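User: Hi! I am new to protein structures. Could you show me how to read a few features?

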Amino acid sequence: MKTILVPINRAGWPFIAIFAIVALAAGYYAEPLGWIGLVLTLWCVYFFRDPDRVTPTRDGLVIAPADGRVCLIDEAVPPAELDMGDEARPRVCIFMNVFNVHVNRAPMDGNITKIAYRPGKFLNAELDKASEFNERMSLSMKTTTDHDIAFVQIAGLVARRIVCQVEEGDFLQAGQRFGLIRFGSRVDVYLPKGTASLMSVGQLTTAGETVIADLSSEEPARTGEIR
C-alpha cells in the first residue's frame, strides 16, 4: 500500500483543500463543473506528491536538486546576493514542468552558509535570462568536503511562490528535502571551478537520485545525442 499511496508534501494541503472546496461548491450549482473541479483537485494532489528517493552517498557526488530536464549547462557567476565573488563557475540548470515533482533536495552534504531571497519577474523559467530577472531564492553551502557550492530556486511563468524550509547554519544531507516551488520552475546548481558536469542538455533528472557531477572525478564533460 505504501508504494501506491505516495506521500503529499505538507505545503500542498492548503491548496488541495481549496481546490476540493471550490469543486464541491461548483458541483452544487452545476454537476459538470463539479466533475471539472474534481479533476483539478486530483491534479493538485498529483502536483504536491512527495515520494521518497534513494540517494547515492559518496564524497564528491553532486545530486540533482530537482526532477525535470537539464535545460542549460554553462558557466555563470553565482547570484550577487550570495557574495561568492564575480568569477564564473560551472552551472547546471534543471527545468521543472507542471507534471514534475516540485520538492527540491540538497545536492551535497554540508552547512547552509547563506540564504537570500530576491523578488523579480515571472518569465518562462526555461529561458537563460530567467536566472537573472525572475524571483529567486539563493542558497550557498560549505560542503563536508570543504567545497563552496550554490543552488538557486527560480520561479517560472506560472510559479508564484518559492518555499524554502531551511535556515542559515542548518546542516543538510545530500538528497534531503529543503523546499519546493509551486507550479513550474527551475533550479540552478553552481559547482566549484573546474568541475565537469556528468549530464548533457536534454537529459532528465530525478531529485535526490541522479548524479549530476562528481567533484572527485577527472572525467571530462560529457556530450549527448538524441537517438
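This is a predicted model: local features need pLDDT of at least 70, side-chain atom pairs count only at pLDDT 80 or more; totals for chains, interfaces and linings use all residues.

User: How many helices and strands does the protein chain have?

Analyst: Helices (H or I, at least four residues) and strands (E, at least two) are DSSP runs, numbered from the N terminus. Here the protein chain has three helices and 13 strands.

User: What share of the residues count as buried?

Analyst: Buried means under 20% relative accessible area, exposed over 50%, and partly exposed in between (1.4 Å probe, protein chains only). Of the 227 residues in the protein chain, 48% count as buried.

User: Is Thr205 buried or exposed?

Analyst: Thr205, found in strand S12 (residues 204-205), is buried because its relative accessible area is 5%.

User: Which residues does Thr205 touch?

Analyst: Contact means heavy atoms within 4.5 Å. Not counting residues up to four places away in sequence, Thr205 touches Ala64, Ala66, Asp67, Gly68, Val70, Ile94, Met199 and Thr210. A polar atom of the Thr205 side chain lies 2.8 Å from the backbone oxygen of Ala66.

User: Where is Leu33 found?

Analyst: Leu33 is found in helix H2 (residues 31-47). With a relative accessible area of 46%, Leu33 is partly exposed.

Methods:
Residues are numbered from 1 along each chain as its sequence is written. Side-chain values use heavy atoms; hydrogens and water are left out. A polar contact is a pair of N or O atoms within 3.5 Å; within protein, one must be able to donate a hydrogen and the other to accept it, and residues adjacent in sequence count only if both atoms are side-chain atoms.
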